[in-house]
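Student: I have a model open and want to go through its layout. Can we take it piece by piece?

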Amino acid sequence: MQEATFLILTALADGSQHGYGIITEVREISGGRVRLRAGTLYTALDRLRTDELIGVDREEIVEGRLRRYYRLTPAGTKRLAAEAARLHANATAALVRLNLAGGMAT
Amino acid sequence: MTEQAGLERGYRRLLACYPKAYRRDNGDEILGVLMATAREGQRRVGLAESADLVRGALRMRLRPPSPPPRSVFTAVRLMCAGAAVELAAWITIVVTAGSVKSAMAPRGPAQWHAVLVHLVAVEVFGPIAIVVWLWMAWANGRGHEWARLLFMSFFALTTAGLLGWLGQGAAVYAPADLIAVAVLWLVQLAVMVLIFSKKSAPHYGHELAQK
């Protein structure tokens, strides 16, 4: 799973978000490192909707414009949990090996 | 306000690169996000933003159509199989035409003439039917509602043809040909059940929902 996809799913983990909300959440989660642009975000959202990992929660009209809120589907939650566990296991293994090698990881 | 209007026009021009159906469904929403993420006092669309939108538009244009439900997927495969059976049936009819003609000759000129007309029609329309099968597979796979209705007409024509042929006593003089046509009819019946099933309905409604 690409990092942007992982971060988008993470942004939706604790509740539904609209497009702009996802962009700000992703920036915050990544500590300002990942700044999604609209084109990249909507390409990813389209793919995630096709894969049924996310769905549309509700739609609102704000200042005359459509605002769509996206949420994780049960399949999306499962996929995100599996990916988080995989990354966690990899990170733990890396830290253990660094410690064994007398590295600086603490 | 004029700065914003100019920026919005710039974004709209770039959004025009997206496929029409996608733009209709998401364009307004993306524009909202673009305007929300624009810098204070921004007048023009930045180079990186433009590249991102053009790349997004290209991906949308190059992406394969949304995968059909299993029922439609099976129907499309059956239609491809139908084209193969049609080809086999056509070859069978062409190869056995001589023996059918000689078998019919003693039965009198009227019946012989009717069978001859039928055989010539099958020989001519067989390749057309193969193309129709493949065309229907393509169009139904893409979820065109007209393709589903056209397939229904195709099925009605085959049913009428099969009944007409049975009426002529084809079971006696051309059993191999009749079996081939009956197999094709059964394949068409299976396709009809699949494409008109409830599970397939959203696939055909997809186009309408985007309008």
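Student: Which residue in S3(A) stands opposite Gly55(A)?

Tutor: Arg71(A) does. Before going on, this is a predicted model, where local features need pLDDT of at least 70, side-chain atom pairs count only at pLDDT 80 or more, and totals for chains, interfaces and linings use all residues. Residues are numbered from 1 along each chain as its sequence is written, while chains are lettered from A and ligands numbered from 1 in the order in which they are written.

Student: How many bridges are there between S2(A) and S3(A), and in what sense do they pair?

Tutor: Strand S2 (residues 54-62) of chain A pairs with S3(A) over 8 bridges, in the antiparallel sense. Helices (H or I, at least four residues) and strands (E, at least two) are DSSP runs, numbered from the N terminus. Two strands pair if DSSP finds at least two bridges between them.

Student: What sits between S2(A) and S3(A)?

Tutor: A turn: the two strands form a hairpin with 2 residues between them. In that turn, Glu63(A) has a positive phi of about 50 degrees.

Student: And what is the strand order in the sheet?

Tutor: The order is S1-S3-S2 (chain A), in an open sheet of 3 strands with antiparallel pairing. Strand S1 (17-18) and S2 of chain A are at the edges with a single partner strand each, so each has one side without a neighbour in the sheet. S1(A) and S3(A) run antiparallel and are joined by 2 bridges. In S3(A), Tyr69(A) is the bridge partner of His18(A).

Student: Helices next. At what angle do H1(A) and H3(A) cross?

Tutor: Roughly 75 degrees, with the axes of helix H1 (residues 3-11) and helix H3 (residues 38-50) of chain A coming within 11 Å. H1(A) is therefore roughly perpendicular to H3(A). On conventions, axes are lines fitted to C-alpha atoms, for helices over the stretch in contact, and angles run from 0 to 180 degrees between N-to-C directions. Angles under 35 degrees count as roughly parallel, over 145 as roughly antiparallel, 65 to 115 as roughly perpendicular and the rest as oblique.

Student: Which residues of H1(A) and H3(A) meet?

Tutor: From H1(A) they are Ala4(A), Thr5(A) and Ile8(A), and from H3(A) they are Thr40(A), Ala44(A) and Leu48(A). By class this contact has 4 nonpolar, 2 polar and no charged residues. Residues are in contact if their C-beta atoms, placed from the backbone, lie within 7 Å. As for the classes, Ala, Val, Leu, Ile, Met, Phe, Trp, Tyr, Cys and Pro count as nonpolar, Asp, Glu, Lys and Arg as charged, and the others, Gly among them, as polar.

Student: How do the axes of H1(A) and H2(A) cross?

Tutor: They cross at roughly 110 degrees and come within 9 Å. That again makes the pair, H1(A) and H2(A), roughly perpendicular. H1(A) brings Leu7(A), Ile8(A), Thr10(A) and Ala11(A) to the contact, and H2(A) brings Ile22(A), Glu25(A), Val26(A) and Ile29(A).

Student: Which residues have the most contacts inside the largest nonpolar core?

Tutor: Ile8(A), Leu12(A), Val26(A), Leu41(A), Leu45(A) and Ile54(A), in a core of 29 residues. Elements supplying at least two residues each are H1, H2, H3 and S3 of chain A, together with helix H1 (2-15), helix H2 (20-37) and helix H3 (47-62) of chain B. H3(A) gives the largest share, 6 residues. Another core, of 25 residues, lies apart from this one, and includes Val72(B), Val76(B), Ala89(B) and Val187(B). A nonpolar core is a set of buried Ala, Val, Leu, Ile, Met, Phe, Trp, Tyr and Cys residues joined through C-beta atoms within 7 Å. A residue is buried if 20 or more other C-beta atoms lie within 10 Å of its own, exposed if 12 or fewer, and partly exposed in between, with C-beta atoms placed from the backbone.

Student: How many residues does each chain give to the contact between chain A and chain B?

Tutor: Chain A gives 14 residues and chain B gives 17 residues. On the side of chain A, helix H2 (19-29), H3 and strand S3 (65-72) give two or more residues each.

Student: Last one: what is the secondary structure of chain B?

Tutor: Chain B has 9 helices and 0 strands. Of its 211 residues, 26% count as buried. Chain A has 4 helices and 3 strands, in the pattern α-β-α-α-β-β-α along the sequence.

Methods
Contact = placed C-beta atoms within 7 Å.
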